[in-house]
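Good morning, colleagues. I would like to take a few minutes to present the fold now coming up on the screen.

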Amino acid sequence: MPKLRESKIDKVYQAVLDRLPSNYPQADLVVHQTITELRECFNDCDGDEEGDPPYAFCDSDDYTIHVSYAFYNENIQSMSWYFLHEIGHLYALERYGKDDPRWKDFDLAEKYADSFADRWVKKLKEEDWFKLIKF
């Protein structure tokens, strides 16, 4: 899906990638026009058609992180947390493999990604990173 313009979403994502160690996952970002479009893509990737649409998700096959333009209204810290959460999933996959519960078991994978994002947001706050980046 082509991006209409370089948005705040793209800039925040790039800033997060630039701040992380270079050996961390560097997935491509896909920004969907609508939440409906994001959900349809999620269904195609995951096969899950029940529940609420995800706010963001990662696709390990295409090595992408997906969000919608609805994400644009979030503040930088919130957007960064979601990006870090999805990067956390890919980090677990790279570090531990597809058979590890941190990737394979939904609940454990979500807890791991939450913890990954929480640790990084805390570190970024301590560095005043959120105050330093400007768009």
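I shall begin with the sheet and then turn to the helices.

Please bear in mind that this is a predicted model. Its sheet is open and consists of three strands, arranged in the order β1-β3-β2 with mixed pairing. The edges are formed by β1, residues 28-32, and β2, residues 57-59, each of which pairs on one side only. On average, neighbouring strands of this sheet are turned by 30° against each other, direction ignored.

In which sense do β2 and β3 pair? The pairing of β2 with β3, residues 64-68, is antiparallel and extends over three bridges. Within β3, I65 is the residue that stands opposite C58.

Let us now consider the helices. Helix α1, residues 8-19, lies across β1 and β3, and runs at about 160° to β1. Helix α3, residues 76-96, lies across β1, β2 and β3, at about 155° to β3.

Is α3 mostly covered or mostly exposed? It is mostly covered, with 15 of its 21 residues buried.

The N-terminal end is capped by N75, which places a side-chain oxygen 3.0 Å from the backbone nitrogen of Q77. Just after the helix, G97 adopts a positive phi of about 95°.

Thank you for your attention.

Definitions and conventions. Residues are numbered from 1 along each chain as its sequence is written. This is a predicted model: local features need pLDDT of at least 70, side-chain atom pairs count only at pLDDT 80 or more; totals for chains, interfaces and linings use all residues. Side-chain values use heavy atoms; hydrogens and water are left out. Two strands pair if DSSP finds at least two bridges between them. Helices (H or I, at least four residues) and strands (E, at least two) are DSSP runs, numbered from the N terminus. Axes are lines fitted to C-alpha atoms, for helices over the stretch in contact, and angles run from 0 to 180 degrees between N-to-C directions. Contact means heavy atoms within 4.5 Å. Buried means under 20% relative accessible area, exposed over 50%, partly exposed in between (1.4 Å probe, protein chains only). A polar contact is a pair of N or O atoms within 3.5 Å; within protein, one must be able to donate a hydrogen and the other to accept it, and residues adjacent in sequence count only if both atoms are side-chain atoms.
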